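Have a look at the picture first, then we'll walk through it.

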Amino acid sequence: MAIKKYAFIIEKLPYKSETSRLALTHAIASQTVEIYLDDGDNVEPVIAFIGEGVLNCLKDQKALDIYGVTSLEMHIKNALLLDLRVLVCKEDLEKFGLTEDQIVMDAEELGAEITTEVVPYEQIHQEMESADHIMFF
Amino acid sequence: MKLVVFVNDYKEPPILDRLKADKFGIVFVQNGVYHCTLKKDGSTSALLSKDAELYALSEDLESRGFKAEDVDSKVKVINYEGLVDLIFNDYEKIIWL
């Protein structure tokens, strides 16, 4: 009977590689393992964007129209819809001159109840410390 | 020589400083478009100060959540058709970095 916490840390840019998309799909898929686990066991994922990875979170990505692939924006919204915690490093957003208005903060149109959290790196570090497994993408 | 270089990543390719051409162009594509939209630590990318004609591909900008107005004024935004015209009409050689 245990909860295993997984931290998915994303620091790669979107689209040139599938890396950041894989992080999100893995995090979302982690919610489905419950059916294979014993009663009381579960997986608790947390997703954090750091460094250049924060650029995955920009709004109004037109990747579906132009590349024919689901945008990272939509993957983030799906994660929020599934109540996955999504953290974005405050310092790294500021480094790129970005504000909360320019990134995906919610998925209200899909019915998501939680929002993205813009947090200091120290908090992301604490999430990594408290995680059983850390995966960098 | 009329040379155009494609930059497709958000890193400065060291070879850029060694390339010489009578007419020199840089096209920002894929993740290269971040060079012309962001000011990392408040500074524009060093690539924007190169002595070159600068272009960015609109489709790659829009895919990443940017609009033409987000692009530095030194950079001309072009679409795929414009890029084909550019390659065929304005330059003789292409390098993909």
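Which residue in S4(B) is the bridge partner of B:Leu54? It's B:Val75. Keep in mind that this is a predicted model, with an ipTM of 0.73 and a pTM of 0.84.

**The sheet**
- Chain B has an open sheet of five strands, and reading across it you get S4-S3-S2-S1-S5, with parallel pairing.
- S4 (75-78) and S5 (93-96) of chain B sit at the edges with a single partner strand each, so one side of each has no neighbour in the sheet.
- From one strand to the next, the twist averages 25 degrees.
- In general, strands of a sheet pair through backbone hydrogen bonds, and that pairing can be parallel or antiparallel.
- Strand S3 of chain B covers residues 53-57, and its parallel pairing with S4(B) runs over four bridges.

**The helix on the sheet**
- Helix H2 of chain B (residues 80-89) packs on the sheet, where it touches S1 (2-7), S2 (23-28), S3, S4 and S5 of chain B.
- The direction of H2(B) makes about 115 degrees with that of S4(B).

**Where the chains meet**
- On the chain B side, 16 residues are in contact with 18 residues of chain A.
- Sorted by class, that side of chain B has seven charged, six polar and three nonpolar residues.

**Confidence**
- Chain B has a mean pLDDT of 94, and 100% of its residues reach 70 or more.

Notes: Residues are numbered from 1 along each chain as its sequence is written. Chains are lettered from A and ligands numbered from 1 in the order in which they are written. This is a predicted model: local features need pLDDT of at least 70, side-chain atom pairs count only at pLDDT 80 or more; totals for chains, interfaces and linings use all residues. Two residues are in contact if their C-beta atoms, placed from the backbone, lie within 7 Å. Ala, Val, Leu, Ile, Met, Phe, Trp, Tyr, Cys and Pro count as nonpolar, Asp, Glu, Lys and Arg as charged, and the others, Gly among them, as polar. pLDDT is the predictor's confidence in each residue, from 0 to 100. Two strands pair if DSSP finds at least two bridges between them. Helices (H or I, at least four residues) and strands (E, at least two) are DSSP runs, numbered from the N terminus. Axes are lines fitted to C-alpha atoms, for helices over the stretch in contact, and angles run from 0 to 180 degrees between N-to-C directions.
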